[in-house]
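Student: Can we go through this one together? I would like to start with the overall picture and then look at single residues.

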Amino acid sequence: KNDNQESSEDVKERFKPGDLVEIQGLTNNVSLNGRLAKVLHLRDDGRVCVKIDWISEKKSIKSSNLTAKWTLVNERKSKDQSERIKSLTQTVDIVRFKEHSIESDLHLESIECVELRRKKLRVFPFAVFNLRQLRVLDLRNNHIEEIPRRVKELAKLKKLWLNNNRISSIPTELGSLKELEQLYLRNNLLKAEPKGMETITKLEGLQHLDLHGNGITRLPKGMEAMSNLENLSVGGNKLEEFPSLPRGVKLLDLRRNKISSIPRSISKLQNLRSLSIWGNELDSIPAEIGDLKMLRTLKLYDNNIKSLPPEFGRLKNLKGLELSGNPLRKFPEPILSLKELLNLSISRTQISSLPKNIDKMTSLENLTARSNWLTYIPESISRLRNLVTLLLTGNEILHKPEFLRKKKSLRVELPTRFEYLVCLRMRWRRIKEGRVLKRDLDPFGLMMLTTEIEAALVFGFPINMK
């Protein structure tokens, strides 16, 4: 704003769009000397609209300086006040302005969204507490260590992003934000049982809670009463027990913890649609999991599960199942009852064969069974009309069966010849050392072994046989 009472003609002679101007003076005890601003356009009333670059250092500038006699303001208003502020031409970085400037000059009382990502902030920006209509506050990827008690003043706040900071405790005042719907505290320093953790249970309107990537060992008691909670992400922590949760939870992420069992009470989560509990220490699955009629996605890979209960086949709405990295050794029969299953991943499970009646899974589109002990492909796979992807690398299958060659639309990945010969070498070594496995002695496998040993000698593969 032109405080020098210069005429608009003088201003237009002094500034041109695209010029870099140097800012002088202090705001909120922060020196702006040497900071640069780019002239966007000139207004008829003599004001200059600029975009401030807070990072740039002082350079050699040909254009005139923007002295302290010019007040930095912005009266442009967003067409939709709920729209996220994306440009400094719509608002200024309120952290660097005096509070009286926010109230009197900037007219920010109607601002609903503030985004201050990657600003290297070390403290929570107190200037936001003057924004009484604030509904969305995004402070991701900073260095903030503490949530101030004044957070209770943001009574209308609905979404609070504090991911990737250094927060180690939660103030009790956070529990007074009754309208808060989404709270993100991913990748902070909330260790073991952090101070103030029980405050979260007082957030009656909370729908989405993200505590992923901390060091939490136990969730607070009373979470069952959070009737509006739908999405909970607590992966990448140190939980040892499956948490007690409200019945309305729809998405549950417990990946990479230390959970050793799923309680029978899981049957209460009748609205659960997605359960991710991979990378834990599970060795069994309770029969009650079959009561989750709404479950659509289940990720159980990289555990120690050896079998599935018969009740598993009651998951009639299940679309995606990931069991890779479990020592199953045998294809789980209950899976064959999942008529709606579209994607099945069963790699690294030590299975030696696929069931002959695999065509019962009529909706199956993608089957991944890499790095197992498979020696052949059952012909029934050709009757899976919806199958588009069959990934079998890392097995002992070399030739693509004729019945699969006819399915032109099917993408099939088989082991390379080198991978296959490595598998044969391992089998031959087991036979020599007397460590014969059942799969080594099936007629088809022995026939293929004889044939491929001859081929290996022809190709000069270093296999030692006498």
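Student: Before that, what kind of model is it, and how are residues numbered?

Tutor: It is a predicted model, where local features need pLDDT of at least 70, side-chain atom pairs count only at pLDDT 80 or more, and totals for chains, interfaces and linings use all residues. Residues are numbered from 1 along each chain as its sequence is written, and side-chain values use heavy atoms, with hydrogens and water left out.

Student: Fine. How many helices and strands?

Tutor: The chain has five helices and 21 strands, taken as DSSP runs numbered from the N terminus (helices: H or I, at least four residues; strands: E, at least two).

Student: And how much of the chain is buried?

Tutor: Of the 466 residues, 47% are buried. Buried means under 20% relative accessible area, exposed over 50%, and partly exposed in between, with a 1.4 Å probe and protein chains only.

Student: Which residues touch the most others in the largest nonpolar core?

Tutor: Leu137, Leu211, Phe312, Leu321 and Ile335, in a core of 92 residues. A nonpolar core is a set of buried Ala, Val, Leu, Ile, Met, Phe, Trp, Tyr and Cys residues joined through side-chain atoms within 4.5 Å. A second, separate core has six residues, among them Val11 and Val39.

Student: What does Leu137 touch?

Tutor: Leaving out residues up to four places away in sequence, its contacts (heavy atoms within 4.5 Å) include Val114, Phe124, Leu154 and Trp161.

Student: Switching to charges. How many salt bridges does the search find?

Tutor: It finds 21 in the whole structure. A salt bridge is a side-chain nitrogen of Lys or Arg within 4 Å of a carboxyl oxygen of Asp or Glu. One of them joins Glu173 and Arg149, at 4.0 Å from N to O. That pair links distant parts of the chain, 24 residues apart: Glu173 is in the loop between E8 and E9, and Arg149 in the loop between strand E7 (136–138) and E8.

Student: Why does Glu173 count as buried?

Tutor: Because its relative accessibility is 17%. Arg149 is exposed, at 63%.

Student: What does Asp253 pair with?

Tutor: Its side chain meets that of Arg255 in a salt bridge of 2.8 Å, N to O. Asp253 lies in strand E14 (residues 251–253) and is buried, at 6% relative accessibility, while Arg255 is partly exposed, at 28%.
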